[in-house]
Amino acid sequence: MGYTDTHIPVMRKEVMHYLNLKKGDLIFEGTLGGAGHTVEIIKAIAPTGRVIGVDLDSQAISTAARNLEAKGLLKFITIVNDNFSNIKNILRENSLQFINGFLLDLGLSSMQISESGRGFSYLKNEKLDMRFKGETGIKASEILNEYSEGQLSNIFYKYGEEKWSGRIAKNIVIYRSSRKLELTGELIEIIKKSIPLKYQHRQGGHPAKRVFQAIRIEVNRELENLSNALRDGVDVLTKGGRMVVISYHSLEDRIVKDMFTSFTGMCTCPPDFPECRCNPVRKGKIITRKIITPSDSELLENPRSKSAKMRVFEKD
Ligand SMILES: C[S@@+](CC[C@H](N)C(=O)[O-])C[C@H]1O[C@@H](n2cnc3c(N)ncnc32)[C@H](O)[C@@H]1O
């Protein structure tokens with residue numbers, strides 16, 4: 001089992017620079033994928049260090065294990081098929097309490113887009129599934145066929161920042177009144193029908209891009225998982241340990257930015273709040289005053305890295 005395609009790790013050099021690893025470190029990598037970053041991490045911390053490598057997708061887990069075995073590195077990792085938001089439980093189950101570094105490379109891998117058959121790509125006609133963990137949880141098709149028009153419109157707007165969310169939701173409800181919505185191709189047709197032709201490429205990228213992102217976020221509870229992982233991850237970091245997070249859209253990046261800011265002890269309440277309600281407690285400092293993005297040469301080599309944004313926090 002596992003994927004046959006490869007995923008090029010994003011900002012590999014920058015990740016290694018900012019993780020600032022040493023031999024013997026214990027690293028929590030919450031998004032193992034094809035183990036692209038893991039290979040470099042293991043080289044920096046072995047033979048005395050260890051990686052706890054987590055992924056929700058069992059096919060990604062098989063791919064990572066195969067890639068690491070081929071390089072003779074499997075003995076330096078504990079692979080866990082779980083949600084990175086369960087970081088504290090995962091550590092406890094492995095009789096561990098603290099980590100020296102934490103990496104999240106969010107979103108999905110090229111392998112999942114090209115091979116999973118779960119409807120992540122708007123360039124293919126596949127079943128509308130979109131679950132990272134293929135076996136459990138609500139599928140994209142269930143959301144599209146069962147949520148109310150208002151709920152759908154809200155999700156497309158909130159998680160996709162889609163300006164035409166109301167029309168798209170309305171047309172989905174009309175479509176499903178005569179037949180079930182099961183395939184990505186059907187959804188793409190509805191989206192294209194809902195957005196006037198002259199606006200279809202004005203918001204940037206494929207006209208279905210934002211709705212696909214929104215459904216994926218809802219299916220996998222991505223924003224909630226990210227917040228929980230950062231909240232618990234910072235607690236288990238040792239002094240000087242770093243959190244490195246690569247995000248791929250503005251909603252994720254905002255969560256990372258706000259949570260890192262609150263970890264410095266600064267208030268992140270909206271400016272119109274009469275008093276602070278977030279009660280921040282200082283836990284460390286932000287290392288990247290400006291976000292880190294891929295270099296021009298990386299963008300040429302791997303155009304999929306285009307939307308990547310990296311932020312780094314260090315524990316006191
Ligand atoms: C961009 S890929 C990681 C690629 C990896 N850094 C590499 O270089 O090969 C993101 C991975 O995170 C996994 N993932 C997404 N959300 C997750 C979650 N909440 N818990 C665990 N894994 C998750 C996805 O299944 C996917 O394999």
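The model is predicted, so local features need pLDDT of at least 70 and side-chain atom pairs count only at pLDDT 80 or more, while totals for chains, interfaces and linings use all residues. Residues are numbered from 1 along each chain as its sequence is written, and side-chain values use heavy atoms, with hydrogens and water left out.

Begin by selecting 12-112 together with 222-315, which make up domain 1, and then colour 115-220, which is domain 2; these bounds come from an automatic or database domain assignment. The centres of the two domains, taken over C-alpha atoms, are separated by 28 Å.

Next, display the interface, where 15 residues of domain 1 are in contact with 14 residues of domain 2, contact meaning heavy atoms within 4.5 Å. About 1400 Å² is buried between the domains, with 48% of that area given by carbon and sulfur atoms; buried area is the accessible area (1.4 Å probe) that two parts lose on being put together, summed over both. Select Leu56, Gln112 and Glu222, which supply 38% of the area that domain 1 buries against domain 2, more than any other three residues.

Now pick Arg118 and Asp57, which form a salt bridge whose closest N and O atoms are 3.1 Å apart.

Definitions and conventions. Salt bridge = Lys/Arg side-chain N within 4 Å of Asp/Glu carboxyl O.
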